[in-house]
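User: I would like to learn how to read a structure model feature by feature. Please give the general idea each time, then the case at hand.

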Amino acid sequence: MMTSPNLSVKFKTPSLEVPAQEFRRAMRELAGSVAVVTVGDEKDRSGFVATSVASFSAEPPRLIVCINRASSSWEVLSRRGQFGVNLMREDEVEIANRFIGIGGIKGNERYGGAEWITLPSGTQVLKDAIVSIECSVEESLDRHDHAIVLGKVESIRVCDHGNPLLWYKSGYYHLGGPVERSGL
Ligand SMILES: Cc1cc2nc3c(=O)[nH]c(=O)nc-3n(C[C@H](O)[C@H](O)[C@H](O)COP(=O)(O)O)c2cc1C
């Protein structure tokens, strides 16, 4: 069996950066699912909306999420080493807005107006998310002002009702329906 060496390849970046505004404009075209990442327990909690959640590998089950290290949730996440990923339903815009921090609300206040389930690890997940995934931090990599967090999946809770809430062109969207089923 081929084993790959444990190499981290760093590519030489060209000297000129594309303007951030141009990059933001391009990323507006990247449609994504809205996830609320929850960190901490009832006494010490924070959380944020993330569109950077992605499946990393199925065997073993791992996901990644990128977090701005200047955000209020980073301190709690890096200290506790555990988090929940809640895939939001299309009718949960109000909850998502709280976790964006609209109106300057932080920490505990973001949890208002929704029902939460406390898992044995202490991590809280949204009762009515489509899917909630409990993770522990396997590895975290600081790059520029963000961290790439590799989450080991500890448990999965599937509600499986409702449709996903999407983010596209700087606003919320819902699914228009299938274009073609892949059969995968
Ligand atoms: C659609 C959308 C996606 C976002 N995705 C991420 C993300 O992947 N990672 C992240 O750190 N912040 C992301 N943010 C920002 C956070 O949701 C939140 O606004 C930020 O953590 C608030 O910082 P504070 O906790 O210091 O107030 C996103 C915001 C929006 C509106």
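User: How many bridges pair β5 with strand β10, and in which sense?

Analyst: This is a predicted model. To read a pairing, look for the bridges between two strands and for their relative direction. Here β5 and β10 (residues 146-158) are antiparallel and share seven bridges.

User: Which strand forms a hairpin with β5?

Analyst: For a hairpin, look at the two strands and then at the residues that link them. β4 forms the hairpin with β5, and four residues lie between them. β4 covers residues 54-57 and β5 covers residues 62-68; the two run antiparallel and are joined by three bridges. Ser-57 has Arg-62 of β5 as its bridge partner, while Ala-54 lies opposite Ile-64 of β5. In the loop between β4 and β5 sits Pro-60. The peptide bond between Glu-59 and Pro-60 is cis, with omega about 5 degrees.

User: What should I know about side chains when I follow a strand?

Analyst: In a regular strand, side chains point in turn to one face of the sheet and then to the other.

User: What is the strand order in the open sheet of three strands?

Analyst: Read the order across the sheet, then ask which strands have a neighbour on each side. The order is β1-β11-β12, and the pairing is antiparallel. β1 (32-33) and β12 (171-174) are the edge strands; each has a single partner, so one side of each has no neighbour in the sheet. β1 is joined to β11 (residues 165-168) by two bridges, and Ser-33 has Leu-166 of β11 as its bridge partner.

User: Which residues touch the most other members of the largest nonpolar core?

Analyst: Begin with the residues that have the most contacts inside the core, then trace the elements that supply them. The largest nonpolar core has 27 residues, and those touching the most other members are Ala-35, Val-36, Val-37, Ala-50, Val-65, Val-85 and Met-88. Elements that each supply at least two residues include β2 (35-41), β3, α2, β6 (82-87) and β9 (131-143). β2 gives the most, with four residues. As one example, leaving aside residues up to four places away in sequence, Val-85 touches Ala-35, Val-37, Val-53, Leu-63, Val-65, Ile-133 and Cys-135.

User: Which residues of α2 are buried, and where do they fall around the helix axis?

Analyst: In α2 the buried residues are Ser-73, Val-76 and Leu-77. They fall within an arc of 95 degrees seen down the axis of α2, so they line one face of the helix. The face turned away from the buried side carries Glu-75 and Arg-79, which are exposed. Among the elements covering the buried residues of α2 are β2, β3, β5 and β6. Just after α2 comes Gly-81, with a positive phi of about 70 degrees.

User: Which residues come nearest to the ligand?

Analyst: Take the nearest residues, then the elements and the classes. The ligand has 15 residues around it, of which Phe-48, Ala-50, Ser-52, Ser-71 and Ser-72 come nearest. β3 (44-50), β5 and α2 (72-80) each give two or more residues to this shell. By class, the shell has seven nonpolar, seven polar and one charged residues.

User: Where is His-144 found, and what is its phi?

Analyst: A positive phi in a residue other than glycine deserves a look at its location. His-144 has phi near 50 degrees, a positive value, and lies in the loop between β9 and β10. Lys-169 is not a glycine either, and its phi is positive at about 50 degrees; Lys-169 lies in the loop between β11 and β12.

User: Where is Lys-43?

Analyst: Lys-43 is in the loop between β2 and β3. With 7 other C-beta atoms within 10 Å, Lys-43 is exposed. The C-alpha atoms of Lys-43 and Tyr-111 are 12 Å apart, and the two residues are 68 residues apart along the chain.

Terms used. Residues are numbered from 1 along each chain as its sequence is written. This is a predicted model: local features need pLDDT of at least 70, side-chain atom pairs count only at pLDDT 80 or more; totals for chains, interfaces and linings use all residues. Two strands pair if DSSP finds at least two bridges between them. A residue is near a molecule or strand if its C-beta atom, placed from the backbone, lies within 6 Å of it. Ala, Val, Leu, Ile, Met, Phe, Trp, Tyr, Cys and Pro count as nonpolar, Asp, Glu, Lys and Arg as charged, and the others, Gly among them, as polar. A nonpolar core is a set of buried Ala, Val, Leu, Ile, Met, Phe, Trp, Tyr and Cys residues joined through C-beta atoms within 7 Å. A residue is buried if 20 or more other C-beta atoms lie within 10 Å of its own, exposed if 12 or fewer, and partly exposed in between; C-beta atoms are placed from the backbone. Two residues are in contact if their C-beta atoms, placed from the backbone, lie within 7 Å. The arc is that of the directions from the helix axis to the C-beta atoms.
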